[in-house]
Amino acid sequence: MSNQTPHQVGSPRSDEARVIPLRPPAARPERGPGERPGDRPADRNEAREPLWRDLVGDVLRRERLAQERTLKDVADAARISMPYLSEVERGRKEASSEVLAAAAHALGLSLGDLLARAHTRLTRPARHSRPATTTAPYNGLCLAA
């Protein structure tokens, strides 16, 4: 048996890490036995929204393959480890802007080119799924100052 004194539930000891949930427990959807993420309609709607890291990784991979270059070649040119670049391309790592710029430059793209291509992929489904409700000749993004 331990010589430590019991502590109150919810108050961490000095040697324990404090865990703060991202969502309160009441806001988390409860799943039934055997239910997996994506089984519910609400889960499927959330899953359709692509993650930024997936989009950027996909753009990097498509450009690399279009140039018929190997992962090692691009990783060496960008001074990034090959396993890390692979993880970025697969959307498993949230890369810093420095890493993204290095990978883009190794492929002959600017960081702006990379982000613009990812933005185009992000907004493409939204453009095709909405009916045109305007007679304006330009249906793109409008910024006003």
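1. Which residues in α3 meet which residues in α4? L71, K72, V74 and A75 of α3 meet M82, L85, S86 and E89 of α4. Contact here means heavy atoms within 4.5 Å. By class, this contact has five nonpolar, one polar and two charged residues. Ala, Val, Leu, Ile, Met, Phe, Trp, Tyr, Cys and Pro count as nonpolar, Asp, Glu, Lys and Arg as charged, and the others, Gly among them, as polar.

2. A word on the source. This is a predicted model, where local features need pLDDT of at least 70 and side-chain atom pairs count only at pLDDT 80 or more, while totals for chains, interfaces and linings use all residues. Residues are numbered from 1 along each chain as its sequence is written, and side-chain values use heavy atoms, leaving out hydrogens and water.

3. Now the overall fold. The protein chain has six helices and zero strands. Helices (H or I, at least four residues) and strands (E, at least two) are DSSP runs, numbered from the N terminus.

4. Back to the helix pair. Helix α3 covers residues 71-78 and helix α4 residues 82-89. They pack at about 105 degrees, with axes 9 Å apart. The axes are lines fitted to C-alpha atoms over the stretch in contact, and angles run from 0 to 180 degrees between N-to-C directions. α3 and α4 are therefore roughly perpendicular (65 to 115 degrees).

5. Next, burial. Of the 145 residues in the protein chain, 21% are buried (under 20% relative accessible area, 1.4 Å probe, protein chains only). In helix α5, residues 97-106, the buried residues include L100, A101, A103, A104 and A106. G108 follows α5, and its phi is positive, near 80 degrees.

Notes
Buried < 20%, exposed > 50% of the residue type's maximum accessible area, 1.4 Å probe, protein only. Parallel < 35°, antiparallel > 145°, perpendicular 65-115°, else oblique.
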